[in-house]
Amino acid sequence: MTAAKIRIEPLTMQAFAQFGEVITVPANPNRQYFDGGLLNLRPAARPSLSLVRRDPSPLPLAATLMERHQFSSQTFIALDVGRWLVLVAPHRATGGPDMSLACAFLPAPGQGVTFGADVWHHPLTVFDRSGTFAIFMWRNSGSGDEEFHTLTQPVSIDLV
């Protein structure tokens, strides 16, 4: 079976709006807030801030796994990274990600994202070199913190 193919597009606020919020380092020296996309629907969940370092993956990438946070948003802030992937898909009415509506984005330097609650996304993936990120989400150590879904057919992701 041939893998479905998705071409990576530049990350823009307009193209990503249905999935969450794009975070961009401000051009001026003033503080800019990005809390409009932050959401937690579980009163017992607490804020969680973590750091992660990822080793690079080769292109083309065969995506086989998606994850979601059904009750809260999740934010990725690139701290030290080259190119990285944002692969998202809406939740299918029958369960799991709807990969027929999936989109892949390549953030520009200085961009991060907040995935909306219940948005499926590929695990954090970097290209070219290892990358470091800050991740903000809510956790209560229950099954609603995160859900993983193995795709029945891999999705091929490439820049061309």
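In this predicted model, five strands form an open sheet in the order E2-E8-E5-E11-E3, and their pairing is antiparallel. The edges are formed by strand E2 (20-24) and by E3, each of which pairs on one side only. On average, and with direction ignored, neighbouring strands of this sheet are turned by 20° against each other. In general, the strands of a sheet pair through backbone hydrogen bonds, in either a parallel or an antiparallel sense.

Strand E5 (residues 74-80) and strand E8 (residues 111-115) are joined by three bridges in the antiparallel sense. Here glutamine 74 stands opposite phenylalanine 115 of E8.

Phenylalanine 115 also belongs to a cluster in which ring pairs link Phe16, Phe19, Phe76, Trp84, Phe105, Phe115 and Phe133. A pair of aromatic rings is described by the distance of the centres and the angle of the planes. A search of the whole structure gives seven aromatic pairs. Among them is the edge-to-face pair of phenylalanine 16 and phenylalanine 105, with 5.8 Å from centre to centre and 85° between the planes. This pair links distant parts of the chain, since phenylalanine 16 lies in helix H1 (residues 13-16) and phenylalanine 105 in strand E7 (residues 103-106), 89 residues apart. Phenylalanine 16 counts as buried because its relative accessibility is 0%, below the 20% limit. Phenylalanine 105 likewise counts as buried, because its value of 3% falls under that limit.

A further edge-to-face pair is formed by tryptophan 84 and phenylalanine 133, at 4.9 Å centre to centre and with 70° between the planes. This pair, too, links distant parts of the chain: tryptophan 84 is in strand E6 (residues 84-89) and phenylalanine 133 in strand E11 (residues 131-139), 49 residues apart. Both tryptophan 84 and phenylalanine 133 are buried. Strand E11, which holds phenylalanine 133, stands between E5 and E3 in the order of the sheet.

Which residues make the nonpolar surface patch? Leu51, Ile77 and Leu79 make this patch, which covers about 290 Å². Leucine 51 is located in strand E3 (residues 46-54), one of the edge strands of the sheet. Leucine 51 is classed as exposed because its relative accessible area, 63%, is over the 50% limit.

Notes: Residues are numbered from 1 along each chain as its sequence is written. This is a predicted model: local features need pLDDT of at least 70, side-chain atom pairs count only at pLDDT 80 or more; totals for chains, interfaces and linings use all residues. Side-chain values use heavy atoms; hydrogens and water are left out. Patches are made of residues with over 30% relative accessible area and no salt bridge: like charges are joined within 9 Å, nonpolar side chains (Val, Leu, Ile, Met, Phe, Trp, Tyr) within 5 Å. Accessible areas come from the Shrake-Rupley method with a 1.4 Å probe; for residues, only the protein chains shown count as cover. A salt bridge is a side-chain nitrogen of Lys or Arg within 4 Å of a carboxyl oxygen of Asp or Glu. Helices (H or I, at least four residues) and strands (E, at least two) are DSSP runs, numbered from the N terminus. Buried means under 20% relative accessible area, exposed over 50%, partly exposed in between (1.4 Å probe, protein chains only). Rings of Phe, Tyr and Trp (its six-membered ring) pair if their centres lie within 6.5 Å; planes under 30 degrees apart count as stacked, over 60 as edge-to-face and the rest as tilted. Two strands pair if DSSP finds at least two bridges between them. Axes are lines fitted to C-alpha atoms, for helices over the stretch in contact, and angles run from 0 to 180 degrees between N-to-C directions.
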